[in-house]
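Subject: Two-chain model, handover and notes

Dear colleague,

Here is the structure I said I would pass on. My notes follow below it.

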Amino acid sequence: MINNLIYMDGYGIFVWSSFVLTFLVCAVFYYKTRKTLKKYEKEFAIEIEKLSVERKKIALEKSKVASKVFSTYNKTF
Amino acid sequence: MFNFFYNSNIFIWIERVINFINSIFFALLLVALSFALIFSPPDYLQGDSVRIMYIHVPAAWIGLASFTCIALLSILNFIFKVKNFKLISKSIAPIGLMFTCIALVTGSIWGQPTWGTFWAWDARITSMLILALFYFLFILTQKLISDEDKANKISSIIAAVGFINIPIIKYSVEWWNTLHQPASIKITGTSTIHASMLMPLLLMFLVLILYCALIFLMKYKTEIIRIKKNNLKRL
């Protein structure tokens with residue numbers, strides 16, 4: 001059973017290389033996308049943090065995105 | 001008309017959808033892989049090499065569908081000037097390019113045991129390669145041209161011109177003599193693929209669509225944050 005699954009009547013090398021290559025590329029792409037997102041979230045939260053109290057208040061009140069990212073960042077760190 | 005497409009409204013939903021996809025993704029992937037690699041039968045002619053179809057065909061579908069979305073969104077953006085359409089197409093493009101390349105590479109691997117060659121200048125393969133080039137040009141334009149309006153106009157033209165290639169890919173197997181077989185799965189009309197192979201194919205397609213949605217949402221979220229970060233400087 002295991003041997004059949006691995007060798008697939010001689011086609012194993014083609015089938016497994018297709019699947020492994022695809023999932024490897026997908027995993028790397030997922031990792032890179034997630035890393036970029038986290039980097040942007042962190043940078044955005046730090047920029048909000050740097051604002052004066054008044055400006056920070058305006059930014060968080062005016063933008064749902066800013067308040068969401070800022071609260072998530074504060075929870076994480 | 002396009003109120004839903006305003007950044008803030010969508011942003012709230014993105015996190016929920018990402019969490020939902022994450023919760024079901026690995027279970028679905030396991031089921032789809034079990035069917036694709038173990039439970040589905042080998043082909044009477046191609047043997048077990050037919051299993052490459054479960055990656056190759058959904059990847060090609062996604063490559064084609066992504067470019068169709070990009071072209072339509074670019075045209076809509078031209079007419080309605082909805083900035084979000086540009087963001088959506090910018091987020092879809094890398095996913096489409098990746099799956100077009102996966103379709104080309106897995107097709108090439110499948111070609112060796114089936115046709116005896118990794119590559120042939122067959123109408124379907126060549127038109128898919130042209131699609132990858134259009135994706136590449138679209139992404140390159142967005143990355144290299146710093147003037148956003150100019151980049152938007154040029155990339156829209158690339159998308160509109162590239163859209164002509166989509167029906168060519170679809171009907172290439174009927175218009176020319178190619179190594180590819182005509183479509184086995186038809187939305188209208190009877191499909192010629194057996195249910196024992198159709199189910200794993202649709203399952204793999206579902207898994208890859210969920211993966212695409214996950215990547216798209218993360219990329220789209222990154223784009224929104226990038227814009228909001230620039231707006232913050234104007235405060």
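pLDDT is the predictor's confidence in each residue, on a scale from 0 to 100. The model is predicted, so the notes start with confidence because where pLDDT is low, the predicted coordinates should not be read in detail.

Confidence

The model scores ipTM 0.90 and pTM 0.91. Chain A has a mean pLDDT of 87, with 96% of its residues at 70 or more. Within chain A, α2(A) has the highest confidence, at a mean of 94, and α4(A) the lowest, at 76. For chain B the mean pLDDT is 90, and 96% of its residues reach 70 or more. The exception to keep in mind is residues 1-5 of chain B, where the pLDDT is below 50. Beyond near neighbours in sequence, that stretch has six contacts in the model.

Chain A

Chain A contains four helices and zero strands, and from the N terminus on its elements run α-α-α-α. The radius of gyration of chain A is 23 Å, whereas a compact globule of 77 residues would have one near 11 Å. Taken along the principal axes, the C-alpha atoms of chain A fill a box of roughly 70 × 20 × 20 Å.

One helix pair across the contact is α2(A) with α7(B), which pack at an angle of about 25 degrees with their axes 9 Å apart. Angles under 35 degrees count as roughly parallel, so α2(A) is roughly parallel to α7(B). The crossing of α2(A) and α7(B) is left-handed. The contact of α2(A) with α7(B) has twelve nonpolar, three polar and nine charged residues.

Helix packing inside chain B

Helix α7 (residues 195-233) of chain B also packs against helix α2 (residues 53-80) of chain B. The axes of α2(B) and α7(B) come within 9 Å and cross at roughly 50 degrees, and the two helices are therefore oblique to each other. Their crossing is right-handed. From α2(B), the residues in this contact include Met53(B), Tyr54(B), Trp61(B) and Ile62(B); from α7(B), they include Pro200(B), Met204(B), Phe205(B) and Cys212(B). By class, the contact of α2(B) with α7(B) has 14 nonpolar, no polar and no charged residues.

A second pair in chain B is helix α4 (residues 123-144) and helix α6 (residues 165-175), with an angle of about 165 degrees and axes 8 Å apart. α4(B) and α6(B) are therefore roughly antiparallel to each other, and their crossing is left-handed. Among the residues of α4(B) that meet α6(B) are Arg124(B), Met128(B), Leu131(B) and Phe134(B). On the α6(B) side, the residues include Asn165(B), Ile168(B), Ile169(B) and Val173(B). The residues of the contact of α4(B) with α6(B) divide into eight nonpolar, three polar and one charged.

Regards

Technical notes. Residues are numbered from 1 along each chain as its sequence is written. Chains are lettered from A and ligands numbered from 1 in the order in which they are written. This is a predicted model: local features need pLDDT of at least 70, side-chain atom pairs count only at pLDDT 80 or more; totals for chains, interfaces and linings use all residues. Two residues are in contact if their C-beta atoms, placed from the backbone, lie within 7 Å. Axes are lines fitted to C-alpha atoms, for helices over the stretch in contact, and angles run from 0 to 180 degrees between N-to-C directions. Angles under 35 degrees count as roughly parallel, over 145 as roughly antiparallel, 65 to 115 as roughly perpendicular and the rest as oblique. A crossing is left-handed if the near helix is turned anticlockwise from the far one by less than a right angle, and right-handed if clockwise. Ala, Val, Leu, Ile, Met, Phe, Trp, Tyr, Cys and Pro count as nonpolar, Asp, Glu, Lys and Arg as charged, and the others, Gly among them, as polar. The radius of gyration is taken over C-alpha atoms; the globule rule is 2.2 Å times the number of residues to the power 0.38.
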